[in-house]
Amino acid sequence: MRRAVRQRLALVLVVAVLAVTALWQWRHDAAASPATLLPLDPDAITRVTLALPGHPTERYVRHDGHWWRDGEPPVAADEGRLEQLTGIAAAQALGWRPLSDFDPARIGLTHPVATLTLDDRTLRFGDTSATGPLRYVQVGDRVALVPILATPRPPKRDAIQLQP
């Protein structure tokens, strides 16, 4: 009977060690490959720059909780659109790989479909993946796959110019 108790105790110890190791590995992987594109709170972003091929570069700043087109005269920006653009920071990244694993031309990063800068962090949007409705996005020296809905789009209407 003593032998059986020792075997059970050893088995419980092995299971506990495996559980702790799995938890550590899960936390390590989560820290190395964050689940979102950027570690920024979309509500805390104060500057947005969007470059789309064939469109003028758009620059926005947040003042007193409202978005304005950066320039003179002051032009109010579409708050909903800027909310969408800043929300891209929190887009779900389905996987991360080093940029060196790719040929940037083959995944559309030499001529990105959009370049979005949120505060000082730049996102370059490449081609769509052949495996599903996902898009390659370069963030620094890494590439993530994100849902295609997280791609910035051109504005639907012009911003309203405020009268002095």
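**Note on the predicted structure**

1. Overall surface and composition. The chain exposes about 11000 Å², of which carbon and sulfur atoms supply 58%. The model under discussion is a predicted one. The chain has 164 residues, and 30% of them are buried.

2. Order of elements. Two helices and nine strands make up the secondary structure of the chain. Read from the N terminus, the elements follow the order α-β-β-β-β-α-β-β-β-β-β. Regarding contacts between residues at least 6 apart in sequence, 54% join residues at least 24 apart. Several of the points below give examples of pairs that are separated in sequence.

3. Helix H2, buried side. Helix H2 spans residues 79-87. Its buried residues include Arg-81, Leu-82, Leu-85 and Thr-86. Viewed down the helix axis, the buried residues of H2 fall within an arc of 130 degrees, and therefore they line one face of the helix. Among the elements that cover these buried residues are S1, S2, strand S3 (66-69) and S6.

4. The face of H2 turned away from its buried side carries Glu-83 and Gln-84, both exposed. For Glu-83, the relative accessible area is 60%, and this residue is therefore classed as exposed, the cut-off being over 50%. Glu-83 also lies 8.3 Å from Asp-43, C-alpha to C-alpha, although the two residues are 40 apart in sequence.

5. Salt bridge at helix H2. The structure holds three salt bridges. One of them joins Glu-58 to Arg-81, with the closest N and O atoms 2.7 Å apart. Glu-58 belongs to strand S2 (residues 58-63) and Arg-81 to helix H2, so this pair ties together parts that are 23 residues apart in sequence. Both partners, Glu-58 and Arg-81, are buried.

6. Asp-120 is exposed, at a relative accessible area of 62%. Arg-47 is partly exposed, at 37%.

7. The remaining salt bridge. Asp-101 pairs with Arg-97 in a salt bridge whose closest N and O atoms are 3.5 Å apart. Asp-101 is partly exposed, with 43% relative accessibility. Arg-97 is also partly exposed, with 42% relative accessibility.

8. The S6-S7 hairpin. Strands S6 and S7 pair in the antiparallel sense, over five bridges. Within this pairing, Ala-114 has Phe-125 of S7 as its bridge partner. Two residues stand between the strands of the hairpin, and Asp-119 takes a positive phi near 55 degrees there.

9. The S7-S8 hairpin. Strand S7 is also joined to strand S8 (residues 134-139), by four bridges, and these two strands run antiparallel. In this pairing, Leu-123 stands opposite Val-139 of S8. The hairpin formed by S7 and S8 has five residues between its strands.

10. Ser-129 in the S7-S8 loop. Is Ser-129 buried or exposed? Its relative accessible area is 8%, and because buried means under 20%, Ser-129 counts as buried. Ser-129 is located in the loop between S7 and S8. The side chain of Ser-129 makes a polar contact of 2.7 Å with the side chain of Thr-131. Leaving aside residues up to four places away in sequence, Ser-129 touches Leu-134, Tyr-136 and Leu-145.

Notes:
Residues are numbered from 1 along each chain as its sequence is written. This is a predicted model: local features need pLDDT of at least 70, side-chain atom pairs count only at pLDDT 80 or more; totals for chains, interfaces and linings use all residues. Side-chain values use heavy atoms; hydrogens and water are left out. A salt bridge is a side-chain nitrogen of Lys or Arg within 4 Å of a carboxyl oxygen of Asp or Glu. Buried means under 20% relative accessible area, exposed over 50%, partly exposed in between (1.4 Å probe, protein chains only). The arc is that of the directions from the helix axis to the C-beta atoms. Contact means heavy atoms within 4.5 Å. Two strands pair if DSSP finds at least two bridges between them. A polar contact is a pair of N or O atoms within 3.5 Å; within protein, one must be able to donate a hydrogen and the other to accept it, and residues adjacent in sequence count only if both atoms are side-chain atoms. Accessible areas come from the Shrake-Rupley method with a 1.4 Å probe; for residues, only the protein chains shown count as cover.
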